[in-house]
Amino acid sequence: MSKRGRFTEEVMTAAMQQVSEELGLPAADARLLRLTNNAVFALPSAGIVIRIARSHRLHERVHKVVGLGRWFGQINAPTIRLAEDLTQPVRVDDLLASVWQYIPPATPLPTVTDLGAVLRKFHTLGPPPLPLPSWDPVADARLRIIDAEGLGSEDRRFLLDWCDRLDPLLTAVRQRANSQLVHGDAHVANLLRDHAGRVVLCDFDATCMGPWQVDLVAVAVGDVRFGRRGIHETLAAAYGYDVTEDPDWTLLREARELKMIAAAVPLLRSSAGVREEFFARLKSVRENEPDAPWTPFAETGRTG
């Protein structure tokens with residue numbers, strides 16, 4: 001499968017169809033929801049969502065999210081659920097997929113106020129009965145940079161130097177923090193409203209053990225970078241804490257922006273829109289432009 005192009009939309013769609021065939025589920029109404037680090041497909045008539053990792057180096061994450069999904073179901077966590085009665089992860093050639101229950105769009109849409117309330121519940125769950133990595137955005141970024149195609153040597157060196165500079169600073173943050181369950185990518189786009197009206201979290205690729213403040217940073221950075229003024233204040237009120245007043249805010253913000261740039265590195269050859277936005281973000285960091293606007297990768301368009 002990968003001979004036709006590595007991690008392209010065509011390859012991911014073929015993998016999704018193979019998963020649905022192996023499970024004996026209909027895919028005629030399948031639609032692509034997201035094509036970033038995972039290819040995420042909704043199959044409404046089958047009542048499932050299929051998430052396929054687009055990097056071989058991130059396969060361990062698929063096993064992690066499946067383990068978390070099982071635990072979340074056991075404790076009735078405020079999260080989405082794995083599809084029932086399936087052996088997971090599902091392997092398709094050299095790709096790995098997880099399969100989740102489909103939650104159709106519902107109104108009212110979740111808000112940043114909902115995010116604050118859900119995060120407060122999530123942060124009380126305690127550690128799961130499976131090993132989780134420690135929060136380490138630098139290690140994650142390095143992994144993606146190593147996996148990169150289409151990244152020039154100068155840009156690669158800049159990113160790796162950035163990692164080297166941040167690493168000891170974030171290690172110190174991690175060592176003095178109370179380690180607890182962290183979602184790792186907490187923003188409104190990772191919320192859904194289930195059939196009972198409950199708002200739940202999804203996307204646990206970045207879930208780890210670390211400082212709880214990490215989960216408040218994405219919205220605060222998005223407030224600046226994506227022009228979503230005012231949402232951070234709303235989250236701070238709903239959660240009860242303003243992360244921009246945290247002593248480690250500057251480092252937490254920088255760690256988040258490294259993640260937001262490195263996330264696109266493995267996809268530079270498979271999406272022209274992602275590639276253009278990646279280099280715009282990199283330029284703003286190189287030129288020390290903390291208020292330069294960014295565009296979410298999901299809004300850049302995609303090409304095969």
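Let's start with strand S1 (residues 31-35) and strand S2 (residues 38-43), which pair in the antiparallel sense over four bridges. Keep in mind that this is a predicted model. The link from S1 to S2 is a hairpin with two residues in it. If you want a spot to look at, find Arg-31, which sits opposite Ala-42 in S2.

Next up is strand S5, which has pairing partners of its own. One of them is strand S3 (residues 48-53), antiparallel to S5 over five bridges. There, Arg-51 faces Ser-98 of S5. Strand S4 (residues 90-92) also pairs with S5 in the antiparallel sense, over three bridges, and Val-92 has Leu-95 in S5 as its bridge partner. Here are the pairings side by side:

| Strands | Sense | Bridges | A facing pair |
|---|---|---|---|
| S1 and S2 | antiparallel | four | Arg-31 and Ala-42 |
| S3 and S5 | antiparallel | five | Arg-51 and Ser-98 |
| S4 and S5 | antiparallel | three | Val-92 and Leu-95 |

S4 and S5 form a hairpin with two residues between the strands, and Asp-93 in that hairpin takes a positive phi near 55°. How many of the seven residues of S5 are buried? Six of them are, so strand S5 (residues 95-101) is largely enclosed by the rest of the structure.

Last stop: Arg-253, which belongs to helix H8. Is this arginine buried or exposed? Arg-253 has a relative accessible area of 16%, and the cut-off for buried is under 20%, so Arg-253 counts as buried. Its side chain reaches the backbone oxygen of Pro-290 at 2.5 Å. Setting aside neighbours within four places in sequence, Arg-253 is in contact with Val-217, Val-221, Val-224, Arg-225 and Pro-290. Pro-290 therefore turns up both in that contact list and as the residue whose backbone oxygen the Arg-253 side chain reaches, while Arg-253 itself is buried.

Methods:
Residues are numbered from 1 along each chain as its sequence is written. This is a predicted model: local features need pLDDT of at least 70, side-chain atom pairs count only at pLDDT 80 or more; totals for chains, interfaces and linings use all residues. Side-chain values use heavy atoms; hydrogens and water are left out. Buried means under 20% relative accessible area, exposed over 50%, partly exposed in between (1.4 Å probe, protein chains only). Two strands pair if DSSP finds at least two bridges between them. A polar contact is a pair of N or O atoms within 3.5 Å; within protein, one must be able to donate a hydrogen and the other to accept it, and residues adjacent in sequence count only if both atoms are side-chain atoms. Contact means heavy atoms within 4.5 Å.
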